[in-house]
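This report describes one protein chain for a reader who has the sequence and the coordinates at hand. Please keep both in view while reading.

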Amino acid sequence: MLKSLIMSLISGRYEAMADDIIDMPIADGLKEALLNSGFTRNQILTFTTAELASILEIDQYVANLIRNAAKE
């Protein structure tokens, strides 16, 4: 459901980026936050957990979950 909604809102050149994030094993709300911020998996890995938490305004524990999911 989330994937079809996001795909309908994103132009063709962003579909691969969206697929990359949507396929991550994290909550849909986190996926939406990452997509709204324009993140890709590779970009997530360039930030420390603290930086990612600050950017997304989330707890460092949650940022760590996101980083671990991006590594998969």
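Is Asp28 buried, partly exposed or exposed? With a relative accessible area of 43%, Asp28 is partly exposed; here buried means under 20% relative accessible area, exposed over 50%, and partly exposed in between (1.4 Å probe, protein chains only).

**Basis of the description**

The model is predicted, so local features need pLDDT of at least 70 and side-chain atom pairs count only at pLDDT 80 or more, whereas totals for chains, interfaces and linings use all residues. Residues are numbered from 1 along each chain as its sequence is written, and side-chain values use heavy atoms, with hydrogens and water left out.

The protein averages a pLDDT (the predictor's confidence in each residue, from 0 to 100) of 84, and 76% of the residues score at least 70. Confidence is lowest in helix α1 (residues 2-9), with a mean of 59, and highest in α6, at 97. Where pLDDT is low, the predicted coordinates should not be read in detail.

**Overall architecture**

The protein contains 6 helices and 0 strands; helices (H or I, at least four residues) and strands (E, at least two) are DSSP runs, numbered from the N terminus. The order of elements from the N terminus on is α-α-α-α-α-α. Of the 72 residues in the protein, 35% are buried. The protein exposes about 4,500 Å², of which carbon and sulfur atoms supply 51%; accessible areas come from the Shrake-Rupley method with a 1.4 Å probe, and for residues only the protein chains shown count as cover. Among contacts (heavy atoms within 4.5 Å) between residues at least 6 apart in sequence, 25% join residues at least 24 apart.

**The nonpolar core**

In soluble globular proteins, nonpolar side chains tend to be buried together. A nonpolar core is a set of buried Ala, Val, Leu, Ile, Met, Phe, Trp, Tyr and Cys residues joined through side-chain atoms within 4.5 Å. The largest such core has 16 residues, and those touching the most other members are Met24, Leu34, Ile44, Leu52 and Ile66. Two or more residues come from each of α2 (15-22), α3 (28-36), α5 (49-56) and α6 (60-71), and α6 gives the most, with 4 residues. Leaving aside neighbours within four places in sequence, Leu52 is in contact with Phe39, Ile44, Phe47, Ile58, Ala63, Ile66 and Arg67.

The buried residues of α5 are Thr49, Leu52, Ala53 and Leu56. They lie on the same side of α5 because they cover an arc of only 100° around the axis, the arc being that of the directions from the helix axis to the C-beta atoms. These buried residues of α5 pack against α3, α4 and α6. Thr49, in helix α5, counts as buried at 17% relative accessibility. Not counting residues up to four places away in sequence, Thr49 touches Gln60, Ala63, Asn64 and Arg67. Just after α5, Glu57 takes a positive phi of about 55°.

**Salt bridges**

Side chains of opposite charge can pair when their charged atoms come close. A search of the whole structure finds 2 salt bridges, each defined as a side-chain nitrogen of Lys or Arg within 4 Å of a carboxyl oxygen of Asp or Glu.

| Salt bridge | Closest N and O atoms |
|---|---|
| Asp20 and Arg41 | 3.4 Å apart |
| Asp28 and Lys31 | 3.8 Å apart |

The pair of Asp20 in helix α2 and Arg41 in helix α4 (residues 41-46) links distant parts of the chain, 21 residues apart. Asp20 is partly exposed at 28% relative accessibility, whereas Arg41 is buried at 13%. Asp28 and Lys31 are separated by about one helical turn because they are 3 residues apart in helix α3. In this pair, Lys31 is buried, with a relative accessible area of 9%.

**Exposed positions**

Tyr61 belongs to helix α6 and is exposed, with a relative accessible area of 61%. The C-alpha atoms of Tyr61 and Ala50 are separated by 9.3 Å, at 11 residues apart along the chain. Asp23 is found in the loop between α2 and α3 and is likewise exposed, with a relative accessible area of 51%. Between the C-alpha atoms of Asp23 and Ala69, which are 46 residues apart along the chain, the separation is 9.5 Å.
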